[in-house]
Amino acid sequence: MNDEENPLEEPTIHDADVPEEEVLIPKKEEKALVSGQSHPDKLFLLPLNRRPFFPGMAAPIVIEPGAYYEVLKTVAKTEHKCLGLFLTHKEDANIYKLGIDDLCQVGVVARILRIIPIEQGGAQVVLNMEKRVVIEKPIRGKYLSAKVKYHDDPPVESLSKELKAYSISIITTIKELLKLNPLFKEELQIFLGHSDFTEPGRLADFAVALTTATRDELQDVLETFDIQARIDKALMLLKKELDISKLQSTINQRIEATISKTQREFFLREQLKAIKKELGMEKDDKTIDAEKFEERLKERKVPDEVMKVIREEQEKLSSLEMQSAEYGVCRNYLDWLTIVPWGIYSQETHDLKKAEKVLEEDHYGLKDIKERILEFIGVGKLTGGVKGSIICLVGPPGVGKTSIGKSVARALNRKFFRFSVGGMRDEAEIKGHRRTYIGAMPGKMIQALKSAQTMNPVIMIDEVDKMGMSFQGDPASALLEVLDPEQNRDFHDHYLDVPADLSNVLFIITANVLDTIPEPLKDRMEILRLSGYIQAEKIEIANKYLVPKNRKNMGLKASDVALTKDALAQIINGYAREAGVRTLENNIKKVFRKVAVKVARLSDKEREKHSKTTVTEKSLKDYLGKPIFTSDRYYDKMPVGVCTGLAWTSMGGATLYIETILYPAEKTEMKLTGQAGDVMKESAQIAWSYVQNRSRDYAPEIPFFEKSQVHIHIPEGATPKDGPSAGITMVTALLSLLMGRPVPENLGMTGELTLTGRILPIGGLKEKLIAARRSKLTVLIFPKENLRDYDELPDFLKKGLDVHFVEYYDEVFPIVFPQEKKHAQPKKPAVARKKVRRSKAS
């Protein structure tokens with residue numbers, strides 16, 4: 001390569017380019033490196049990471065920009081154009097941080113044949129490997145270089161017959177390799193162009209280069225100068241490569257045989273299918289689908305409008321090819337149209353005795369709910385069927401809303417289907433997707449009919465109060481058509497796009513609260529409230545249902561474990577204070593699991609002799625740990641300024657304390673804390689204004705919190721609270737603080753207060769009454785307008801309670817402070833006297 005052909009410029013080395021401690025190659029030695037010798041005794045070295053090269057080979061190498069690229073440009077300007085290629089000791093070595101000691105001592109001298117610059121920098125260089133070379137002495141300099149010694153193989157005339165035999169054996173093995181792997185053929189042609197088979201050394205090098213041996217095995221052959229030993233090692237590696245190639249060939253043949261067999265079987269099956277079709281012995285998939293759809297239609301009484309659509313789709317399906325995309329869409333549409341149970345109805349039973357028996361078997365208590373369901377069934381008996389009724393069961397979790405729906409379906413002998421709409425945001429879940437979308441399918445109503453295979457199932461829609469709304473639509477609005485008896489007789493699902501009669505479906509809706517249900521939807525439903533259970537009811541439910549069911553589920557017998565009545569009462573009071581019985585059941589399961597572990601450790605003989613485990617109130621701690629609840633009351637003795645109210649939550653009734661204190665301030669004002677909602681904040685402001693206006697009537701001798709700030713707090717600040725029913729409770733707490741008189745411990749109250757002192761009715765009376773009984777409150781104050789709700793409650797809930805119904809707050813005052821009369825002079829609270837004195841002193 002002359003200067004015109006290679007535009008690479010020779011770099012000039014300056015002393016400033018090199019660190020001070022590094023010794024440059026002396027000028028004479030550097031001149032020797034670039035002299036015009038055929039094979040110079042001093043070479044620049046190029047490290048190799050992967051595999052060594054062998055003499056007689058030609059190979060391209062990519063050199064990136066950097067130190068070795070500079071070496072390449074230097075060598076390219078010399079006459080000999082030679083450099084040394086040496087393998088590194090470590091495969092992952094960094095070639096830019098190497099010394100002579102990091103290289104193997106034997107390598108090859110390579111002559112540059114051609115340099116091709118790369119656009120990204122660097123160059124691709126084609127090298128011809130010529131001789132083995134050994135490092136004799138390193139030369140310190142800017143680049144890796146060393147004084148070297150060359151090794152030439154002995155001439156052919158001096159070789160023995162044994163070496164020639166080895167050579168023939170290698171050639172035979174190479175021929176076998178060529179049959180198994182044709183890729184070696186090209187390399188063999190390159191070798192023949194540069195060497196002769198009569199040179200055993202070159203033949204051994206070529207044979208080794210063909211193999212996939214490791215870098216260490218290849219380097220070992222390169223370092224073997226003795227021709228006999230080298231050709232022996234080469235033959236060993238070549239034989240190993242031949243074995244691997246044979247194994248690979250066997251694997252390939254096995255795979256090809258399997259594939260060929262599969263293809264042959266496929267063709268034979270297709271031919272057999274065609275023959276059977278011609279003889280009428282077998283039908284294709286299209287015919288099978290068409291017959292299946294016709295078979296379904298014979299079992300159903302399909303409306304004329306729907307039948308017209310089905311026939312049109314059947315004609316369309318018969319003209320479509322099975323491979324077309326539209327065939328699948330059309331087939332799925334026909335599948336849904338024909339699987340809906342048109343004209344199929346369950347045979348209803350309107351036996352009131354049977355229905356009453358079923359309800360009593362499945363549920364304890366809930367007398368008003370059972371009566372309403374029996375009324376419902378009785379009307380259905382007289383009218384010939386239950387139609388156009390949507391029942392909404394509202395109550396806390398765990399009171400049996402879902403199980404009531406199952407009982408109604410069993411009592412009526414109807415199929416039952418339940419789905420939840422909690423968190424649902426897409427109206428297509430109710431009314432289906434349009435068929436133009438990929439993966440479209442009908443909504444839940446049509447899916448319910450398919451699952452029940454009857455047009456008059458009981459469909460329970462759970463958690464209707466927890467539906468969402470998004471850009472995809474409003475599911476609550478989609479339910480309006482479903483739950484309207486006047487509209488659902490022609491319900492149109494977006495997917496089916498034909499009218500479906502849902503008027504015979506009995507819908508039972510469940511919710512925890514009514515506040516989040518839209519008014520139009522609420523208007524379509526008959527609302528039945530399920531309140532929580534009191535302790536006596538929970539004990540009966542546990543003994544009749546929960547204990548036997550879970551004992552059986554845990555693999556226990558009645559002779560293995562028993563729960564006493566006191567233990568059940570302690571679980572209810574100390575571990576499961578909720579409106580429903582779900583937590584109670586979980587605690588019973590926990591007890592039975594621990595007993596099951598004890599029983600499982602016994603052998604069969606020991607189990608027969610083992611006495612029954614009786615869980616008592618005292619031993620309950622060993623199974624459930626310490627009680628979670630100790631008392632609903634915060635105070636053994638009520639302090640001044642504290643009053644107990646009754647609240648309703650989605651979990652049932654609860655007691656609610658109102659605490660008040662006062663402290664000196666520049667001006668009289670009120671502060672409210674306890675995460676109260678907007679309505680409750682307004683109630684507090686109304687109570688403050690009412691007491692300020694009427695304080696002279698209730699405590700004429702006491703000034704109204706003069707130069708004092710009153711702080712009203714509702715405990716359990718992490719729980720959000722809202723509602724107007726704490727109005728009279730706040731007034732009572734403020735009057736207790738003003739007069740320094742505590743409220744009785746066994747007194748609870750609830751009612752919304754107006755500015756004129758009128759007490760308005762509240763909701764959730766039964767739940768609040770249950771919460772009062774749980775907290776051992778015996779004197780209760782309710783609004784007068786709730787008297788009709790109270791009269792409907794069962795007698796066992798009212799037993800032992802002194803309930804007062806009031807219309808104005810003036811009626812509340814003598815009940816709370818019986819020894820105080822209007823215009824009497826009450827005691828002044830200590831804080832108030834202190835403040836008054838302080839104000840007078842000022």
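# Helices, loops and a nonpolar core

Visitor: Why are α8 and α10 called roughly parallel to each other?

Guide: Helix α8 (residues 285-298) and helix α10 (residues 325-339) pack at an angle of about 20°. Angles under 35 degrees count as roughly parallel, over 145 as roughly antiparallel, 65 to 115 as roughly perpendicular and the rest as oblique, so α8 and α10 are roughly parallel. Their axes lie 9 Å apart, and the crossing is left-handed. By the way, this is a predicted model, where local features need pLDDT of at least 70 and side-chain atom pairs count only at pLDDT 80 or more, while totals for chains, interfaces and linings use all residues. Residues are numbered from 1 along each chain as its sequence is written, and side-chain values use heavy atoms, with hydrogens and water left out.

Visitor: How do you get an angle between two helices?

Guide: Lines are fitted to C-alpha atoms, for helices over the stretch in contact, and angles run from 0 to 180 degrees between N-to-C directions. The helices (H or I, at least four residues) and strands (E, at least two) are DSSP runs, numbered from the N terminus. The protein has 29 helices and 24 strands.

Visitor: What makes the contact of α8 with α10?

Guide: From α8 come Asp-285, Lys-286, Asp-289, Lys-292, Phe-293, Arg-296 and Leu-297, and from α10 come Tyr-327, Arg-331, Leu-334, Asp-335, Thr-338 and Ile-339. Contact here means heavy atoms within 4.5 Å. By class, that is five nonpolar, one polar and seven charged. Ala, Val, Leu, Ile, Met, Phe, Trp, Tyr, Cys and Pro count as nonpolar, Asp, Glu, Lys and Arg as charged, and the others, Gly among them, as polar.

Visitor: What makes α9 roughly antiparallel to α10?

Guide: Helix α9 (residues 304-319) packs against α10 at an angle of about 150°, with the axes 10 Å apart. That is past the antiparallel cut-off, so α9 counts as roughly antiparallel to α10. The contact of α9 with α10 has nine nonpolar, two polar and four charged residues.

Visitor: How do you know whether Arg-414 is buried or exposed?

Guide: Buried means under 20% relative accessible area, exposed over 50%, partly exposed in between (1.4 Å probe, protein chains only). Arg-414 has 7% relative accessibility, so Arg-414 counts as buried. Arg-414 is found in the loop between α13 (401-412) and β8 (416-420). Leaving aside neighbours within four places in sequence, its contacts include Ser-346, Glu-348, Asn-456 and Asn-504.

Visitor: And Thr-616, why is that one called partly exposed?

Guide: Its relative accessible area is 30%, so Thr-616 falls in the in-between class. Thr-616 lies in the loop between β15 (613-615) and α22 (620-624). Beyond four places in sequence, Thr-616 is in contact with Thr-564 and Ala-567.

Visitor: Which residues touch the most other members of the largest nonpolar core?

Guide: Leu-45, Leu-85 and Ile-170, out of 65 residues in that core. A nonpolar core is a set of buried Ala, Val, Leu, Ile, Met, Phe, Trp, Tyr and Cys residues joined through side-chain atoms within 4.5 Å. Among the residues Ile-170 touches, not counting those up to four places away in sequence, are Leu-203, Ala-204 and Leu-238.

Terms used
Left-handed = near helix turned anticlockwise from the far one by under 90°.
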